[in-house]
Amino acid sequence: MFRRIRSYCLFGIKAVPVSVEVDAAQGLPGFTLVGLPDNAVRESRERVVSAIRSIGKVVTGFRTTVNLSPADLRKEGSALDLPLAIGMLVSTGEIEIPQLDRYVFVGELSLDGLLKPVRGVLSIAMNLVAERDCVLVIPRGNMQEASLVEGLHFVCANSLGECVEILERNSNQDVKIAKGIASYRVDVDDKVPDFKNVVGMDAVKRALEVAAAGAHNFLLVGSPGAGKTLCAKCLPGILPEMTEQEILETTRIHSCARRAGDSDDFKPVMARPFRSPHHSASMVSLVGGGTRLLPGEASLAHNGVLFLDELPEFNRSVLEALREPMEEGEISVSRASGTVVWPARFMMGAAMNPCPCGYSMDPKRECTCLPEARKRYREKISGPLLDRIDIQVSVPPVDAAMFAVKGRGESSADIRRRVCAARAVQRERFRNLPFKSNAEMSSEYARKFAAMNPDVERFAVSAAAKMELSARGYFRLLKVARTIADLRGAFAVDVMDLSEALRYRAFKG
Ligand SMILES: [Zn+2]
């Protein structure tokens, strides 16, 4: 009998409909699989036959032909195991499924018939939700993702046996309806350190507050042990909550990045991601791609922070590859089968020592680097990359005595309130424009929204000339000043705002 089973494959972040057509005929027993399967799909026959045997059914006495369509799309991974198993079971007449057409199946099978979660279920769910009467059948390990898409009808099962039982029963009570993001509670991540434990670094805390308020990229320069990394790790605690749209966007990427063997308790990404790849990271792990077309760290940081500690230690070509997402908010990876586009809009944070030995800014220790070495070290960061970092700040070594004298610092919660207020101003400002934050404004808008009176503008222009800022550098200055004015709730940028913004240019650019 011929049967067609609906399923999906991933192409980058996109879910593409695939049908698994199975024809089981009388004749010499055999199995043919056509339609551009990759190795994982090719091997699925062995898993599927064994899983089917585990529920006491036999499908091997037939001449079976399987076609995966559309034929020109390369089918990857093991998510087609479940649709293939169902297809073989119904086409051989081993089971009967009422209303087969309304189901869409994805899931990997183990030899003993257990259903294992697959990646990209959120993308599939978002595609299907518009289709009324359609029911998505998934492994239980994918339930959390499916639940995010409000209104989606789905069924989940732990094993092929349970799945068959549910489908044969055909009862509406087995079909769940997703409640959406609102049903999720945002858990406070207690692993994020609090700024109240960071004392004697008020200037750095302030710089990060400005960065968070306008989504500006930032660079911290200071001696080893000055607390650069600690400050950066506190950042997630002062960032505004994600909107529902942002949660879906970011979770969708993380869902596509799930690897085989990852634990089953996949959680939606409810808080802004903070990704901190090691400086030995390869191009593929940072920007994505590779044979399986997985997203890289830059995409996993979408709507959050990509933090590069020890910036000059990163491979230069890897850093240059980040310029595309920093400008476009996405990364495209070209393949023979087409171009995959990964969203990658993140705040870039970085930290570095001022020189190879690390102590050229330390009043108590002597720098042992030759001037030539110091210059080479700084030149590892290219001008164009540096040019995109709005806030560059030096982190002075903290005097240990300060910890005792100053007591507790201002808490992340207090700082966050100001950040959120400033973001609310920006949301209102960009209501009908394609920007979400001051950092994203184009030059023409930077000048317009700075709303400087003529005296202030003259000051800005002459300061920029004195600091030899490029045209781009000048507009970056205005954007940061705009954020500083937003933090104090002012309509127009004034000289004080500009002066503070000028201090955030430790390097020229
Ligand atoms: Zn040095």
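In the predicted model, strand E11 (residues 218-222) pairs with strand E16 (residues 347-352) in the parallel sense, over four bridges. Within this pairing, Phe218 stands opposite Gly349 of E16. Both strands belong to an open sheet of five strands, arranged in the order E12-E13-E16-E11-E17 with parallel pairing. Strand E12 (274-275) and strand E17 (391-395) form the edges of this sheet, and each of them pairs on one side only. Helix H7, which spans residues 202-214, lies across E11, E16 and E17. The helix runs at about 160 degrees to E17.

A zinc ion is also present in the model, coordinated by the SG atoms of Cys355, Cys357, Cys367 and Cys369 at 2.1 to 2.4 Å. Along the chain, these donors follow the spacing C-x1-C-x9-C-x1-C. Cys355 and Cys367 both lie in the loop between E16 and helix H14 (371-379), so this pair ties together parts of the chain that are 12 residues apart in sequence. The four donor atoms subtend angles of 102 to 113 degrees around the zinc ion, and the arrangement is therefore tetrahedral. For four tetrahedral donors, the ideal angle at a metal is 109.5 degrees. Cys355 has a relative accessibility of 0% and so counts as buried, the cut-off for this class being under 20%.

At the level of the whole chain, three domains are assigned: domain 1 (2-182), domain 2 (195-435) and domain 3 (441-509). The contact between domain 1 and domain 2 takes 21 residues from domain 1 and 26 residues from domain 2. The C-alpha centres of these two domains lie 40 Å apart.

In one of them, Arg4 has Glu21 in E2 as its bridge partner. E1 and E2 form a hairpin with two residues between the strands. In this hairpin, Gly12 takes a positive phi near 65 degrees.

Notes:
Residues numbered from 1 in each chain as written. Predicted model: local features only at pLDDT ≥ 70, side-chain atom pairs only at ≥ 80, totals over all residues. Heavy atoms only, no water. Pairing = 2+ DSSP bridges. Contact = heavy atoms within 4.5 Å. Axes fitted to C-alpha atoms, helices over the stretch in contact; angles between N-to-C directions. Donors = N, O, S within 2.8 Å, 3.2 Å for Na, K, Ca; no water. Tetrahedral: all angles 85-135°; square planar, octahedral: opposite > 155°, others 65-115°. Buried < 20%, exposed > 50% of the residue type's maximum accessible area, 1.4 Å probe, protein only. Domains from an automatic or database assignment.
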